[in-house]
Amino acid sequence: MANPSLLILPGDGIGPEVMAEVRKVIGWLGEKRGLNFDVSEDLVGGAAYDVHGVPLADSTMAKAQAVDAVLLGAVGGPKYDKLDFSVKPERGLLRLRKEMDLYSNLRPAQCFDALADFSSLKKDVVAGLDIMIVRELTSGVYFGEPRGIFTEGNERVGINTQRYTESEIARVARSAFELARRRSNRVCSMEKANVMESGILWREVVQEIHDKEYPDVELSHMYADNGAMQLVRWPKQFDVIVTDNLFGDVLSDCAAMLTGSLGMLPSASLGAPMANGRPKALYEPVHGSAPDIAGQGKANPIACILSFAMALRYSFDQGAEADRLEKAVEKVLADGVRTADLMQKDGGTPVTTSQMGDAIVAALEASL
Ligand code: NAD
């Protein structure tokens, strides 16, 4: 059988630095676990603009459509800030998301015990936290028409439209239920059905999909404003949260900060199932290209490594190896290994990006 295929797009700034550490993990899996990938690498963002004059070449887009999964580092940087909007590095990422039709954005918020002190919340509220926010990514108020700034009488009016079709709600709901079955089997759907018609439809469709296709999963509904309060009050009550594009944008950032550093946060964006039954998928750390620390060996590679762990789980059906990798990260943190972003003000000497990658590979090795 052919090896699973992975397209790596390191991008700009710290992207290539953190991706080099993922490469070490991939090398280890091949050597020690007999798990080999057909890895190809290409350009995205400013790096692609420098060579092709566009932030994502058509040939790269075609490769992304053909592989089992794409892993992206980060795009952007001050060098490209003055470029025309149409060729800005971020447009490369947006093109990938749009043309692969990645409608389901997975943002885990997981708090490793060793980092529980980093949260702005009390330790017992966040220690051991492991929740997953599923945000609808390709529709809703960021895309609905009409939109724009118009003049009515003698004043301007700004308009955006929240619009969801049944099928758009149904497919992201399925994505959340499928995920819940691999976790603690609980989904909480969040909307504002009390004041928005789109919220009423959201709640009805999620309930219908549940009753027809996923009756084994525990489903609850919550108004999104209450959801925001509950996330800060007692986040461990949740397992999977499914919500629309706008509420998901806000709630996932809020949940992310429960866990501490931006350098720790992975994400996945999933689309429709391919011929092999696995969804189209793009994995990427939540952080950007961090130009302030690029090229200095200071970047934390864990967000990118954990994004690859998500790829192992959701695209390559290697849940056991994903668990092993996440446990290796946990072990390294428990041993006190820290990149600069994870240092307390008073604490010790940070390791470099490369040393963190080496420590994670050593922990993988020790797990055998
Ligand atoms: P950023 O995420 O790049 O950096 C914010 C802060 O967090 C910086 O101080 C940075 O040093 C720190 N940081 C980020 N990742 C880190 C890591 N792995 N290890 C240690 N520290 C880390 O956000 P920004 O500064 O607002 O944006 C910088 C550039 O990145 C901009 O061009 C922006 O458009 C782009 N960006 C890209 C993405 C993406 O590729 N998905 C996301 C956000 C921002």
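I began with a term: a crossing is left-handed if the near helix is turned anticlockwise from the far one by less than a right angle, and right-handed if clockwise. With that in hand, I looked up α11 and α12 and found their crossing to be right-handed.

**Ground rules**

I noted that this is a predicted model, where local features need pLDDT of at least 70, side-chain atom pairs count only at pLDDT 80 or more, and totals for chains, interfaces and linings use all residues. Residues are numbered from 1 along each chain as its sequence is written, and side-chain values use heavy atoms, with hydrogens and water left out.

My helices (H or I, at least four residues) and strands (E, at least two) are DSSP runs, numbered from the N terminus. Two packed helices are described by the angle between their axes and the distance between the axes. I took axes as lines fitted to C-alpha atoms, for helices over the stretch in contact, with angles from 0 to 180 degrees between N-to-C directions. Angles under 35 degrees count as roughly parallel, over 145 as roughly antiparallel, 65 to 115 as roughly perpendicular and the rest as oblique.

**α11 and α12**

Helix α11 (residues 319-334) packs against helix α12 (residues 353-366) at about 120°, and the axes are 8 Å apart. That makes α11 oblique to α12. For contact I used heavy atoms within 4.5 Å. From α11, I listed R324, L325, A328, V329, K331 and V332, which meet M356, A359, I360, A363 and L364 of α12. By class, this contact has 9 nonpolar, no polar and 2 charged residues. Here Ala, Val, Leu, Ile, Met, Phe, Trp, Tyr, Cys and Pro count as nonpolar, Asp, Glu, Lys and Arg as charged, and the others, Gly among them, as polar.

**α10 and α11**

Next I turned to helix α10 (residues 302-314), which packs with α11 at an angle of about 160°, the axes being 7 Å apart. The two, α10 and α11, are therefore roughly antiparallel. Their crossing is left-handed. I saw that α10 brings residues including I302, F308 and R313 to the contact, and α11 brings others, among them G319, D323 and L333. The contact of α10 with α11 divides into 10 nonpolar, 1 polar and 4 charged residues.

**α1 and α10**

I then followed α10 to helix α1 (residues 15-33): their axes come within 8 Å and cross at roughly 40°. So α1 and α10 are oblique to each other. The crossing is right-handed. In this contact, V18, M19, E21, V22, V25, I26 and L29 of α1 meet C304, I305, F308 and L312 of α10.

**The ligand**

I counted a residue as near if one of its heavy atoms lies within 4 Å. The ligand has 21 residues around it, the closest being E90, G288, A290, D292 and N300. For polar contacts (a pair of N or O atoms within 3.5 Å), I noted a backbone N or O atom of G288 at 2.7 Å from a ligand oxygen. A backbone N or O atom of A290 lies 2.8 Å from a ligand oxygen.

Most residues other than glycine have a negative phi, and most peptide bonds are trans. I found D101, not a glycine, with a positive phi of about 50°. D101 sits in the loop between α4 (89-99) and β4 (104-110). The peptide bond from E145 to P146 is cis, with omega near 0°, and P146 lies in strand β6 (residues 144-152).

Notes:
A polar contact is a pair of N or O atoms within 3.5 Å; within protein, one must be able to donate a hydrogen and the other to accept it, and residues adjacent in sequence count only if both atoms are side-chain atoms.
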